[in-house]
Amino acid sequence: MKKTTTKTLLTLAMSLFGYLFAQPTCTLDPTFVASPKYGIWPDSATNFVSGMVGVPYAQNITVKVPLDTVQSPVKICFTRFELLNPTGYTNYNLPPGLTLTGTPASLKFPGNANSCAMISGTPTTAGTYTLHFQVDAYGNTLLSFQTCPTPVVSTGGSKITTQNLNYYIINIAPNPTGINEHSVIQSFYVAPNPANNFINLSYKLKDNATNAYFELFDLTGKSILKQSLSNMPGEYSTSIDVSNIESGVYFYTLSANKEKYSNKVIISR
């Protein structure tokens with residue numbers, strides 16, 4: 001039997017860390033989950049965060065499917081909502097470089113449950129992109145005074161409605177510098193977005209950096225938080241406490257040497 005060396009274990013661990021670093025996963029927005037509302041968060045008024053060419057992007061999405069709805073004299077017991085790509089569009093008309101993933105991976109969100117999805121990747125082309133989603137609702141009908149069965153069997157039911165959503169927009173700004181092989185900052189992403197009490201930052205430095213820090217600004221441009229970061233080559237993940245910052249829209253900057261990358265983040269409670 002081949003002996004497993006410390007070097008082999010270290011290589012496997014680094015490979016696993018690299019995979020996790022490159023695969024942001026979605027999370028539930030606790031404020032929306034605790035609210036009496038159903039549907040998708042962010043809503044159309046809040047919309048999705050903007051991005052920049054060459055800068056890793058992450059937009060977290062929470063999906064709440066109700067158990068039922070009454071349309072007298074009947075009650076519809078939802079089994080699932082399916083998120084589909086509408087006919088005539090490619091990849092939901094997402095900006096090139098971005099993909100949509102979810103939990104569950106099938107994007108078939110069960111009734112009477114909270115699920116999530118995430119748009120992530122690195123945008124390659126600047127522009128304003130209006131996204132297009134098709135939502136098919138499946139369920140069973142009862143008389144309005146009857147009770148929907150629980151637990152919900154998400155594989156059952158018939159198609160009740162089809163709705164097309166075309167009010168979400170992602171703006172991708174051009175990046176005059178971009179991240180290239182000569183950049184000190186090789187990659188980074190911020191999640192979740194919207195954030196609650198913590199912003200999770202993951203980044204990779206190619207070379208030794210000076211003045212490596214994360215800074216948060218309000219809409220007037222006032223700096224309200226600045227945190228120093230590791231300045232040695234490698235991949236890092238850190239949590240930034242924003243629990244004492246009011247809900248709202250902010251801009252952040254990740255800096256190292258003379259490089260700066262900025263984007264928008266929402267704090268929501």
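F188 is tucked away in this predicted model: its relative accessibility is 1%, so F188 counts as buried, the cut-off being under 20%.

**Aromatic rings**

- A pair of aromatic rings is described by the distance of the centres and the angle of the planes.
- The centres of the F188 and Y252 rings are 6.5 Å apart and the planes sit at 90°, so this pair is edge-to-face.
- This pair connects distant parts of the chain, with F188 in strand β13 (residues 185–191) and Y252 in strand β18 (residues 248–256), 64 residues apart.
- Y92 belongs to the loop between β5 (74–84) and β6 (98–103), while F133 belongs to strand β10 (residues 133–143), so their pairing ties together parts that are 41 residues apart in sequence.
- Are Y92 and F133 buried or exposed? Both are buried.

**Charges over rings**

- R80 lies over the face of Y138, and the distance to the ring centre is 3.9 Å.
- K226 has its charged end over the ring of Y213, 4.1 Å from the centre of that ring.

**A three-stranded sheet**

- Three strands make up an open sheet in the order β2-β12-β9, and the pairing is mixed.
- Which strands are at the edges? They are β2 (51–52) and β9 (127–130), and each of them pairs on one side only.
- β2 and strand β12 (residues 169–173) run parallel and are joined by two bridges.
- If you want to find this spot in the structure, look for G51, which stands opposite I172 in β12.

**A nonpolar patch on the surface**

- Which residues form the nonpolar patch on the surface? They are L219, V249 and F251, and together they have about 260 Å² of accessible area.
- L219 is found in the loop between β15 (213–217) and β16 (223–228).
- The relative accessible area of L219 is 59%, and exposed means over 50%, so L219 is exposed.

Terms used. Residues numbered from 1 in each chain as written. Predicted model: local features only at pLDDT ≥ 70, side-chain atom pairs only at ≥ 80, totals over all residues. Heavy atoms only, no water. Pairing = 2+ DSSP bridges. Helix = DSSP H or I, 4+ residues; strand = E, 2+ residues; numbered from the N terminus. Patch = residues over 30% accessible without salt bridge, like charges linked within 9 Å, V, L, I, M, F, W, Y side chains within 5 Å. Areas by Shrake-Rupley, 256 points an atom, 1.4 Å probe, with all protein chains shown as cover. Salt bridge = Lys/Arg side-chain N within 4 Å of Asp/Glu carboxyl O. Buried < 20%, exposed > 50% of the residue type's maximum accessible area, 1.4 Å probe, protein only. Phe/Tyr/Trp six-rings, centres within 6.5 Å; stacked < 30°, edge-to-face > 60°. Lys NZ or Arg CZ within 6 Å of the ring centre and 35° of its normal.
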